[in-house]
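Consider the chain shown here.

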Amino acid sequence: MRPWRLGLAALVGCTSTPVFNSTNNFTRASDVAFVCLELPTDPSRASAVRPLSDCTLNAGDNGPGIAANLHLHALVTQSERGEVAVVDLATTAGVALVDNAPRTPGFSFLHVGPNPTAIAADTRSVWVACEGDRRLYRMDPALLRQDVDGLADGGNARFPDLRTSVALPGAPRDVALDEDVQGRHRLYVSLPDRGTVAVYDVEEPTAPMLLGEISLASAASDGGVGDVPDESSDVSTDIQDDMLDAGMDVEDASTDLPDASTDTPDAPTDGPDARDGAVGLVDGGAGSCPVSGAPRPLGLAVDTAQNRVYVSDERSCAVHVLDGASRAVLYRLELGVPSRALALTGRARAIAAPSPLPMDPSTVACGADPDHCQGTAYLYALGPEGGVYVLDLERRERVRANRMPDPNPDGRLLDPTLSPYRVAISTPVVALTAMNTREFAPDPAMATVPCRATVSRETCPTGINATPAHLRGVFVGALLRTGSLQLVDVDDYDTPCRRAGCGAAGVDATVYRFLRHAPRAGIALDRAPRLTGRPAVSVPVTGGERMNVGASPGTPAVACADSRGPNDDGTACTAENFGVEVTAFAAGQGTSTPTPDPYRARNESWLLTWEGILPGLDLSGGQLLDRTPEGSPDPDVARTGRLKLRVDGAAFCARGVLVDGATRDLVTLVDDPRPTPGMSASVCERLFGSGTTTVRRDLRVFEAYDDHLLVDLPEGLAEAAGDEQGARDAILRCFPQATRFQVRASNQWLAVGSRTGYEHAVRADAQGLCVVDRARQDATDALSTRCLLARVPLARRTGGTCATGRVCLGELDPSGRATAARTPIFANPYLCLQVFPGVRNDPVLGRPRAETILRGVQLFFTVTGAYEALRVETGMFPQAARFAPWTDRFYIVDTGATGLVEYRLNPIARARIFN
């Protein structure tokens, strides 16, 4: 294991992180809970258990915060050995793990049952649910530091005195503690195999009493308050109590559960979300729930103030809401997808919408955008395939977490590839944890804002660190399968401070925008997204090298003015972003002119290549054919009179080969001719060239299919070969074998982003023919109509539109100028632009003409200053994440060699490793 651990430290890149044990003592750590212990002066005596709020950690050395003998402890389940490890988090040096059997070599932990799945703790008890033996184990937190092998007369406790256990009705998954309205303590256990949640009275913790099982199959299905099911739906309390008293397993004490009903989430009927209704069912879109059968409850979340328990269900598209007082299902919250785990946030304050200006959000009403500014608590749910979804508990509705806040008339999404209901995290998430930092107050009016509303940096309080790395307020941590943690903003108390520019120079107060439910930004967002410089033009030269060329009337240029003539070289172009319009705030966002929005733009480089090669279509193995493999005439060739280029697995449609109207892509033969016997090599070279001098090798695509292309003969080949039949014979005999070929855009720029890649609107129909996906193309056209309006109002546009992912050239006007009105607009969700050709005076024609663009000429530019999510690296096999209240720290359980990892929040950084 040691080499693995060293490799992990190198990967994380934090070699100074303290590791508190030199050996790896954890084995398959799976969950963690916290207790606060007041350590006795006599180590043989039991500890006193205190509320978690009493155990803080010193910001300087991680030692005890309030008093030296008040130590916060982490309890980490070990699923392989069936144990619970006790970790003293207030240890500043030496060994942090508590050795519960010091006379036994190595570190010994507290034994429970096989395969513990969850742990919960309060000041009275520690409860561990074990799937292996279907039992619930209780430990006295006051005895967690005791020597379990010691003798009773020494003041130590024997291990049997440390724990009690009780048989569960089924295999457990999660546990949660709460108090009912009478103040009696309750323990909830999810039982996936039975479709129920078991409820225990733990007022007398050494003798837990099963009150019954809540059947989730009896839940209302309308997403609102449903009928409260009859208590008779629970397993008989008396029968189970009798069985427990007799030491019997109660698994078979209940009757079989009926199948859960199949529910249909509400489908959007109009507006932007109607367009998103086609999103896959497992991604929160409209349609029937993709699962059915008996309920399978997994994760639990408890609202102690409301005495409610929220239950996830991987066989239902709703979250069940239980009433702790009546032990019944109150209603269901429609989520749109099944769920595996839950995280309940603290109540977020209402914020005004819309307004980008500084304010104190605790005193203003929500406005017209409750998805993003409601004063409410939220339930974050982990869906299938690792997606994260949000429920507004005030409105009892799903939140369009991925949709931009209002004003957003176009319904734009933060991540266009995801459902509007899914948090914009594309990497699969394995666990969630809610984070309410020390500034959080249950009453939103009492929540303090470190930097009050102000528009002047000079009036901001000193000493405020309102950077992306400092977290104060309400957040959610999403643990990613790839070994990192992403923070999600719910209510950032520092928002007014950053809007005012506290502690930063040159801040544009109109740029910063806080997005609730969005992954936290990793940069300050204090400047509008912008180009790093003027788009560069380069041309290919001998040997595959490229050469940058300066601006001149003969070179193409990204348009930054209304027109370009033969005397305009572009050097005077000083327009913001050099003619590229980065996605902006919607009109009326509080600025007189649209301002590029950090959340709508994307940091990436863009490459526009004239007649560029479609990504993935520079291939070997293409063979021109006019017959089938059996030797008979090919029916497609006979039908069309064209040649066939067949390449199994080429995926021509998926890679965007376009044949639509006047646009017909090109196939370019790259390899030199290798003629058949009897065919003159010199004739082939005369017809098609060789080396770097090539001619007549472009074959225009007539029809495109996923696995083959029908292509025309090269232009001019019939004249050079004598007639069309001679041309056909010549190309088949000069290129008789599989050859390398490229598919290129014809007479267009191909636009490829370093992150976006090449976007296109081509798909295969039922017969495998490549056709234009009209919905995607219409979306591109709609973006184009909203771009560059200040330069080209819609009423003046005559340039039409181009295919998705391609930039077209326009026509010169009668005066010989390239004009914005006649030039199509290239647009995607992140930016839009126009490209003017070079324009020269032609002495022969006596008027200006557009300069011919050489194949391979490129335009290149980079956008920076856009939103980038903040991510924190974790271990290689993250399993669970838990926030420790009153410490401003959270802990990640890693099943690999790392063990338990501690992170600070202000600023966020990895602090210590316990293993």
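The paragraphs below go from the chain as a whole to local detail.

This is a predicted model, in which local features need pLDDT of at least 70 and side-chain atom pairs count only at pLDDT 80 or more, while totals for chains, interfaces and linings use all residues. Residues are numbered from 1 along each chain as its sequence is written, and side-chain values use heavy atoms, with hydrogens and water left out.

The chain holds eleven helices and 57 strands; helices (H or I, at least four residues) and strands (E, at least two) are DSSP runs numbered from the N terminus. Of its 915 residues, 55% are buried, where buried means under 20% relative accessible area, exposed over 50% and partly exposed in between, with a 1.4 Å probe and protein chains only. Contact means heavy atoms within 4.5 Å. Among contacts between residues at least 6 apart in sequence, 65% join residues at least 24 apart.

Helix α8 covers residues 681-688, and its buried residues are Cys684, Leu687 and Phe688. Seen down the axis of α8, these fall within an arc of 75°, so they line one face of the helix; the arc is that of the directions from the helix axis to the C-beta atoms. Their cover includes β37 (689-690), β38 (693-694), α9 (717-721) and α10. Just after α8, Gly689 has a positive phi of about 75°.

Helix α10 (residues 724-734) has as its buried residues Ala727, Arg728, Ala730, Ile731, Leu732 and Cys734. At the start of α10, a side-chain oxygen of Asp723 comes to within 3.3 Å of the backbone nitrogen of Gln725.

A salt bridge is a side-chain nitrogen of Lys or Arg within 4 Å of a carboxyl oxygen of Asp or Glu, and by this rule the count is 42. One of them joins Lys644 to Asp634, with the closest N and O atoms 3.1 Å apart. Lys644 lies in strand β33 (residues 643-646) and Asp634 in the loop between β32 (613-625) and α7 (635-640), so the pair ties together parts ten residues apart in sequence. Lys644 is buried at 6% relative accessibility, and Asp634 is buried at 7%.

Strand β33 also contains Arg646, which is tied to Asp707 in the loop between β39 (698-704) and β40 (708-711), 61 residues apart in sequence. Asp707 is partly exposed at 25%, as is Arg646 at 34%.

Conventions:
Polar contact = N/O pair within 3.5 Å; in protein donor to acceptor, adjacent residues only side chain to side chain.
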